[in-house]
Amino acid sequence: MSLSVVLAVGMDPWLLAAQSSHWKSAGYVVVPASSTKEAIDDFKAGDFDQVMLGQSVSAEQRQRLTFLIRDSGSRTPVACPSDSSYDRDSSADATLVNESRAFLTGIGELLNRKSRR
């Protein structure tokens, strides 16, 4: 089994650390970025299987980051958490329900979709 590397972007350092720890315990390699600039620099320098844009990232920042990722030619999936299954982020490839088990399942499904492409 190969390791999946996730770029986790969030503007709340405490929340980002807590979520990153949770994802690491589920078997993901997590690279946290706490600013838009850091996320862009990390993305350019790394090889990520997925980008997770946290709820503390504004809609404008999510759109900008997703645009820059797509503009680079990358097909890396971009996902955003949501408190509701009805609240979708149009800039992301997927919106994942922000409940622990469902969220981790969603990450896995998105990564599986990527590997089948």
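A search of the whole structure, which is a predicted model, finds 1 cavity of 30 Å³ or more. The space in the largest cavity comes to about 40 Å³, and the largest pocket holds about 150 Å³. The sheet is open and has 5 strands, and helix H2 packs on it. The average pLDDT of the protein is 83.

**Cavity**
- The residues that line the largest cavity are Gly10, Met11, Asp12, Leu15, Leu16, Gln19, Gly54, Gln55 and Ser56.
- Sorted by class, this cavity lining has 5 polar, 3 nonpolar and 1 charged residues.

**Pocket**
- Leu7, Val9, Ala39, Ile40, Phe43, Lys44, Val51, Leu53, Leu65, Leu68, Ile69 and Ser72 form the lining of the largest pocket.
- At least two lining residues come from each of four elements: strand S1 (5-9), helix H2 (36-45), strand S3 (50-53) and helix H3 (59-71).
- Helix H2 contributes the most to the lining of the largest pocket, with 4 residues.
- Of the residues lining the largest pocket, 10 are nonpolar, 1 is polar and 1 is charged.

**Sheet**
- The strand order in the open sheet is S2-S1-S3-S4-S5, and the pairing is parallel.
- Strand S2 (29-33) and strand S5 (94-97) are at the edges with a single partner strand each, so one side of each has no neighbour in the sheet.
- From one strand to the next, the twist averages 30°.
- Strands S1 and S3 run parallel and are joined by 4 bridges.
- Valine 6 has glutamine 50, in S3, as its bridge partner.
- Helix H2 packs on the sheet and touches S1, S2 and S3; the direction of H2 makes about 140° with that of S2.

**Confidence**
- A pLDDT of at least 70 is reached by 81% of the residues.
- Helix H2 has the highest mean pLDDT among the elements of the protein, at 95.
- The lowest mean pLDDT among the elements, 67, belongs to helix H4 (residues 100-116).

**Where the topics meet**
- Helix H2 touches S1 and S3 as part of its packing on the sheet, and H2, S1 and S3 are among the elements that each supply at least two residues of the lining of the largest pocket.
- Helix H2, with the highest mean pLDDT among the elements, is also the element that gives the most to that lining.

Methods. Residues are numbered from 1 along each chain as its sequence is written. This is a predicted model: local features need pLDDT of at least 70, side-chain atom pairs count only at pLDDT 80 or more; totals for chains, interfaces and linings use all residues. Side-chain values use heavy atoms; hydrogens and water are left out. On a 1 Å grid over the protein atoms alone, a cavity is a set of points where a 1.4 Å probe fits but cannot get out, and a pocket is an open set with protein on both sides within 12 Å along at least five of seven lines; lining residues have an atom within 4 Å of a point. Grid points are joined across faces, edges and corners, and a volume is the space filled by probe spheres set on the points. Ala, Val, Leu, Ile, Met, Phe, Trp, Tyr, Cys and Pro count as nonpolar, Asp, Glu, Lys and Arg as charged, and the others, Gly among them, as polar. Two strands pair if DSSP finds at least two bridges between them. Axes are lines fitted to C-alpha atoms, for helices over the stretch in contact, and angles run from 0 to 180 degrees between N-to-C directions. Contact means heavy atoms within 4.5 Å. pLDDT is the predictor's confidence in each residue, from 0 to 100.
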